[in-house]
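The structure comes before the details.

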Amino acid sequence: MMNLEEVKNIVNNALEVLKSKFDSPFVGEIKVDGTVIFVGDTHGAIDVSSKVISDFAEKADLVVFLGDYVDRGEDQLGNLLLILRKMIENPNKYIILRGNHESPIANEYYGFKKEIAEKLGEENYSMFVDLFSYMPYAVVVNDYFCVHGGLAIGLEKVEEIRKLPRPDVNPDDPLAFQLLWNDPREGLEDPDFLPSTRGEGIYFFGERIVNNFLESNSLKGIIRGHEVADGFRIDMNGKVITVFSSRYHNMRAGVLVMKKDGSFDYIYV
């Protein structure tokens, strides 16, 4: 176990990377002539993150973590620090997106704040809140929109994400909140958005919204995490791919590999 000063050093260095490398919550559009790895929710599954890094990430040209590194699992702090260290070592290769659990409104109830209190002292939780508030919400990789949750009411162009508040602690902005919390649903045609069972301000979105968004941004699809799956779930004729990389719910952890020719490998870790 690291001591407090070592943890502070990693968190502070990670925060400086986020602040210096990105000027908004949108990373931008990236073209990769090689292999890209997408990792969904890990939720403290440090064994999954370790295997992804040793077996896949080292050979890849870009690695995108889709959020939810903390809460629920047994070693949330260790998992987060492992991923942050890789980003610090190679910020051009590792993109660390924000999930809905990188927020005080989730950490209060799902374990991370308690784990920090036990391991570091509750007074040190605030540095993680600051770190989370600077994590980007989205990136476009090889014409795929990558985000933790999904599409939001009022979002038409990916560039609009650049205008969202930063830092945003909870986040409080409704559009940013939905990017982290919304989910796709098959068969939802009218209305385009339906209030979600997850809670107030959260919505399911249908295929028409997906089609309009992809067409207006000249994109091929959406890659996201956020929902429990046996590694993967494919929606809307392959236009939405959900990746889930935690075994917390007693299912398999998946890692999505985009190959140089643009095709995908669906690999269980």
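Lys 19 lies over the face of Tyr 134, with 4.9 Å to the ring centre. The model is predicted. Arg 252 takes up a like position over the face of Tyr 268, at 3.8 Å from the ring centre.

Tyr 268 also belongs to a cluster. Ring pairs link Tyr 268 there with Tyr 144, Phe 232, Phe 264 and Tyr 266.

Aromatic pairs come next. The whole structure holds 11 of them. Two are set out here.

| Pair | Centre to centre | Angle between planes | Geometry |
|---|---|---|---|
| Phe 112 and Tyr 125 | 6.3 Å | 65° | edge-to-face |
| Phe 193 and Tyr 203 | 6.4 Å | 85° | edge-to-face |

Phe 112 sits in helix 5 (residues 112-119), while Tyr 125 is in the loop between helix 5 and helix 6 (126-133), so the pair ties together parts that are 13 residues apart in sequence. Both Phe 112 and Tyr 125 are buried.

The pair of Phe 193 and Tyr 203 links strand 8 (residues 193-195) to strand 9 (residues 203-205). Its two residues are 10 residues apart, and the pair links distant parts of the chain. Phe 193 has a relative accessible area of 16%, so it counts as buried, under the 20% cut-off. Tyr 203, at 23% relative accessibility, is partly exposed.

Is Asp 235 buried or exposed? Asp 235 is buried, with a relative accessible area of 6%. Leaving aside residues up to four places away in sequence, Asp 235 touches Pro 184, Glu 186, Val 240 and Thr 242.

Definitions and conventions. Residues numbered from 1 in each chain as written. Predicted model: local features only at pLDDT ≥ 70, side-chain atom pairs only at ≥ 80, totals over all residues. Heavy atoms only, no water. Buried < 20%, exposed > 50% of the residue type's maximum accessible area, 1.4 Å probe, protein only. Contact = heavy atoms within 4.5 Å. Phe/Tyr/Trp six-rings, centres within 6.5 Å; stacked < 30°, edge-to-face > 60°. Helix = DSSP H or I, 4+ residues; strand = E, 2+ residues; numbered from the N terminus. Lys NZ or Arg CZ within 6 Å of the ring centre and 35° of its normal.
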